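Please look through the sequence and the model shown here before reading on.

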Amino acid sequence: MDKVLGSFRYVFACAYQDDVIIYSRTVEEHKKHIDLVLTALQNANLSIKLTKSKFLLDSVEYLGFIVSSQGVSANPEKVKPIIQYQTPTNLTELERFLGMTGVYQRFISQYQVKTEPLRRLKKKDVEFVWGQEQINPFEQLKKDLCLLPTLKQPDFSKPFELHTDAASSAGITVILCQRVDNTVYPLAFASRALTIHEQRYSVREQECLAIIFGIKRFPYNGSSMQKMMYRLGVFHVADALSRHSVANVQAIHETITSHQFDWSKVQQEDSDIMDIINNLVQHKSFTMIENVLYKASNHSKDLCIVVPTSQVSSVIKQFHSSKLGGHFGFKKTKSKISQQRLWWSSMSQDVKEFFQSTTQYEVVKVFFNKYILRHGLPMEILTDGGPPFQSYFFASLVTTLDSHGLSSPAYHAQSNGIVERFMATLRRMILTYTEQECIKESWDQHLRLIQFVYNNTTHESTSFTPFYLVHGRFARYPLVKTNTMQDYDDDKLVPERKFANELQQRLNTAFDVVNNHFVSKEYNNQENPYQVGDQVLLFNTTLTSVKKPRKLQFDWSGPFQVIAVNSKSTVSLKQPGTNKRIHNVHVSRLKKYQEPN
């Protein structure tokens, strides 16, 4: 049949076996195309049956899809059996389900990524166990099939956009799109799984891989393929607004605390929102209902209230810090805002910045109240590599306090050994105390008691209790009643000055003992054994993986060159011939590199 159509094929006609479809822009053009096709069939001694033929249709069902002037969409009658498909109980039923959904993967964003937990069950020697990890994508695919978009026909006179995303280690996805009136429409979706080797790529490498895959999947040599964009979510067609009913809008007002905001008023005070309201024709994903601007959600049929910039901070605080907020983390707070059908363009960035500032504020608050107001300004501040301590904000704080900031190197807990040892002891004490009936149900409320016990326990390294080293005396316990003042009458009490002198003497004695202990250990006499320019090997801290056990890996990697000596115990390294740098490496993880003979 392709030979019969000849040059007409894919210009205004195409065929699958004996089914021929003719498409045209206008009625007059369509009549000419029909005449050309019928003439070609006649010349090939072929005839058509009029009772099975249909002419001048706005849309037609073809190969299980519905083709119209709006584009290509799935036939609901064909999709219905998939939506009603029962949960697979064996591999055969799962393969049947994947085969049925695979027909529509060009309509589903990230299809291969979403089906990865299902396809995993098809691997050799993998037991068929249907758990929550499979239930979620199984149900999500059914939801996607209920919301399949209409894929518009490409207009080769306009530029194309290839949106790519390395969604996760499970796979990569691309979407071929075009813009109509500044609204992005999908033309086709594509995705594929990553190989074992590709899963080890860095994020940038996976992003590049997605671009290459997209270009190969949708090859086009013309000048239309001009734009490349990244990190795109699921598309919905511009006429999605027509699928929203008034009931959906009413539900928004019932589920959010809209009585606290006069949305119509605050939106009119926002210049960006007013620009959208005044140009709704160019912003087809937005709509006005009862003088309030809404935006169609990218992931569901819901309409979301557009939050003006002036109210962003109030909304975030309400969903995080209020009595009903729960003080949850970034993801849960953002999810709660979205669930209440609120939207603004920079939601993710604003919520993230809120948490960063809140976390930094809490760190500073604790540091100021618990340490500075009790002990004064420190000369040095030693922290681990946690994000709150590596921020520009914390570095500025250290500078303001006129202190010296130190960071313990990775894989060397001894650098902050006192704290690490304390955490191990604290954990053991908590486990011990939780066995007591009076505490085990509320152990977190008795941490101050555990702290008191720890501070009044003699340390092996100092031979004193922390309480004594701070106060110059032993704490009185409520365990045994003693009268330490029984030898003194009121007129024989120690005068304040004499008490202060005795206290200072006791502290000096204790400090001398501790100082001698550390000096004897030569803690202050060590020197960094490496110099800038030295060639060293770095100990391999890689953990065992499925494909590469730790025992089969080399213990040392390199050589690396020392590019900076940071302190008596840490250096910074660079791998010759590359830009790879490793900062703050403890000398215990290094050894001299010897040139092979």
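Of the 597 residues that make up the protein, 34% count as buried. The model is a predicted one, and its secondary structure comes to 20 helices and 20 strands. When contacts in the protein are limited to those between residues at least 6 apart in sequence, 53% of them join residues at least 24 apart.

In general, two packed helices are described by the angle between their axes and the distance between the axes. What are the angle and the distance for helix α3 and helix α7? The axes of α3, which covers residues 76-83, and of α7, which covers residues 132-146, come within 10 Å and cross at roughly 165 degrees. Because angles over 145 degrees count as roughly antiparallel, α3 is roughly antiparallel to α7. The crossing in which α3 passes α7 is left-handed. On the α3 side the contact is made by V79, I82 and I83, and on the α7 side by K142, L145 and C146. Sorted by class, this contact of α3 with α7 has five nonpolar residues, no polar residues and one charged residue.

A second pair, α12 and α13, can be read in the same terms. Helix α12 spans residues 309-320 and helix α13 spans residues 330-339, and their axes come within 9 Å while crossing at roughly 110 degrees. Since the range from 65 to 115 degrees counts as roughly perpendicular, α12 and α13 are described as roughly perpendicular to each other. The crossing of α12 and α13 is right-handed. At the contact, V315, I316, F319 and H320 in α12 meet T333, K336 and I337 in α13. By class, the contact of α12 with α13 has four nonpolar, two polar and one charged residues.

Some residues draw attention through their backbone. Most residues other than glycine have a negative phi. D125 is found in the loop between α6, residues 116-119, and α7, the helix whose axis comes within 10 Å of that of α3. With a relative accessible area of 76%, D125 is exposed, because exposed means over 50%. N584, also a residue other than glycine, has a positive phi near 60 degrees, and N584 is found in strand β19, which runs over residues 581-586.

Another loop residue, Q70, lies between β4 (65-68) and β5 (71-74). Which residues does Q70 touch, leaving aside those up to four places away in sequence? Q70 touches T150, L151 and K152. The C-alpha atoms of Q70 and D58 are separated by 9.6 Å, and these two residues are 12 residues apart along the chain.

The cysteines close this account. A search of the whole structure finds zero disulfides. Are C14 and C304 buried or exposed? C14 has a relative accessibility of 17% and therefore counts as buried, given that buried means under 20%. C304, at 8% relative accessibility, likewise counts as buried. C146 is one of the α7 residues that make the contact with α3.

Terms used
Residues are numbered from 1 along each chain as its sequence is written. This is a predicted model: local features need pLDDT of at least 70, side-chain atom pairs count only at pLDDT 80 or more; totals for chains, interfaces and linings use all residues. Side-chain values use heavy atoms; hydrogens and water are left out. Axes are lines fitted to C-alpha atoms, for helices over the stretch in contact, and angles run from 0 to 180 degrees between N-to-C directions. Helices (H or I, at least four residues) and strands (E, at least two) are DSSP runs, numbered from the N terminus. Angles under 35 degrees count as roughly parallel, over 145 as roughly antiparallel, 65 to 115 as roughly perpendicular and the rest as oblique. A crossing is left-handed if the near helix is turned anticlockwise from the far one by less than a right angle, and right-handed if clockwise. Contact means heavy atoms within 4.5 Å. Ala, Val, Leu, Ile, Met, Phe, Trp, Tyr, Cys and Pro count as nonpolar, Asp, Glu, Lys and Arg as charged, and the others, Gly among them, as polar. A disulfide is a pair of cysteine sulfur atoms within 2.5 Å. Buried means under 20% relative accessible area, exposed over 50%, partly exposed in between (1.4 Å probe, protein chains only).
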